[in-house]
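This briefing takes up selected local features of one chain, grouped by topic. Please read it alongside the sequence and the coordinates.

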Amino acid sequence: PRAGTLWVLLGEIKREQGDLSEAQRCMERGLFISQKEVPTYAWNLLFKVGLLFSQKHFAEALSTAEKIQKMSRKYQLPLFISFPAKIWQARILLTLGEEKKAEEILAGESITPQENLQKGKENGFLNLCRKLVTQEKIGGENSPTKRLLESLEKQATKNKDKALFLETRVLIAKLEEKTKNPEKAKRTLISTLKEGKENGFFQLFVDQGPLLLSPVLKVLDDVKQKNPELENYLQNILQAISPEKTTQKESLSLKKSSSTEKLVENLTEKEIEVLQLISKGFSNQEIARELFLSPNTVKWYNSNIFGKLGVNRRTHAVAEARRLNILS
């Protein structure tokens with residue numbers, strides 16, 4: 001089972017490089033191998049949550065984070081597994097606009113604007129800062145949010161946690177922009193993006209989503225003449241962030257599903273893979289082996305597919321998918 005972790009970590013590297021389809025392949029293989037050892041499997045699931053977040057499959061990411069917490073309650077998993085699952089849950093809820101629910105989760109871990117930064121809870125406080133920075137009214141240079149971000153920056157430097165450092169700097173740049181320091185915000189963001197590029201980060205910036213879209217557009221002109229390589233890097237980040245951009249496969253599935261009528265929610269790339277195997281007569285067990293999934297995960301995909309297509313049987317799902325030109 002622990003060999004599965006190597007596949008998952010390889011998938012995490014691919015995810016950070018922006019190769020989400022290869023990341024998914026590696027992670028699913030790793031999860032399939034590690035599922036018989038609960039702590040290893042649960043720890044590996046944390047990386048799957050990160051991948052689902054990067055893929056913008058927020059509902060599935062949320063349910064996977066909740067699954068880890070259920071496993072933690074049942075098997076008394078260590079804090080280094082259960083705590084990140086809660087922090088992921090809070091981040092996903094913030095992304096979905098469920099601020100109150102996210103606040104409740106963070107407060108349950110003693111992460112509030114009134115608390116000082118606590119060692120081991122840095123990513124929880126980073127989520128708190130995401131919420132505070134996006135609020136309409138921000139204090140100024142001496143605001144509690146600014147002080148908390150500076151504490152996070154120092155802690156990240158001390159721990160040599162490059163990901164935390166870069167994400168904190170992005171929020172500092174955003175805060176500087178909101179406190180009427182546009183030039184300082186630009187300098188902070190450009191230096192952060194340079195450092196991220198030098199250290200091989202990509203998806204970390206993409207996952208900031210709309211928060212980073214406007215600031216990157218503002219610094220783009222500044223780097224066009226001075227640093228062509230950085231400009232290309234920024235263009236790639238913008239293309240990945242922009243909601244109008246999709247991968248070739250996603251574009252194809254969207255085009256197919258809209259050829260006659262639109263679904264309430266489009267099938268994901270993985271759901272189409274499962275559906276294709278269903279159309280070939282594969283059983284749930286056979287699909288699980290083919291795609292390196294557990295049978296329960298296949299059932300979960302089946303449920304999603306049936307719900308989106310408005311059917312309750314495999315044969316009906318295949319027929320409906322063909323009618324909508326999702327399957328040929």
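This is a predicted model: local features need pLDDT of at least 70, side-chain atom pairs count only at pLDDT 80 or more; totals for chains, interfaces and linings use all residues.

E103 counts as partly exposed, at 35% relative accessibility.

- K131 is buried, its relative accessible area being 11%.
- K162 and E195 also meet through their side chains in a salt bridge (2.6 Å, N to O), which connects helix α9, where K162 lies, with helix α10, where E195 lies, across 33 residues of the chain.
- K162 is partly exposed at 29%, and E195 is likewise partly exposed at 24%.

Helix α2
- Helix α2 spans residues 20–34 and reaches 21 Å from its first C-alpha to its last, close to the expected 21 Å.
- Its buried residues include L20, A23, C26, M27 and L31, and among the elements covering the buried residues of α2 are α1, α3 and α17.
- Within α2, R25 and E22 lie three residues apart, about one turn of the helix, and they form a salt bridge whose closest N and O atoms are 2.9 Å apart.

Positive phi in loops
- Q76, in the loop between α4 and α5, has a positive phi of about 50 degrees although it is not a glycine, and Q76 is exposed at 63% relative accessible area.
- F292, in the loop between α16 and α17, has a phi near 55 degrees and is partly exposed at 28%.

How values were computed:
Residues are numbered from 1 along each chain as its sequence is written. Side-chain values use heavy atoms; hydrogens and water are left out. Helices (H or I, at least four residues) and strands (E, at least two) are DSSP runs, numbered from the N terminus. The expected span of a helix is 1.5 Å times one less than its number of residues. Buried means under 20% relative accessible area, exposed over 50%, partly exposed in between (1.4 Å probe, protein chains only). Contact means heavy atoms within 4.5 Å. A salt bridge is a side-chain nitrogen of Lys or Arg within 4 Å of a carboxyl oxygen of Asp or Glu.
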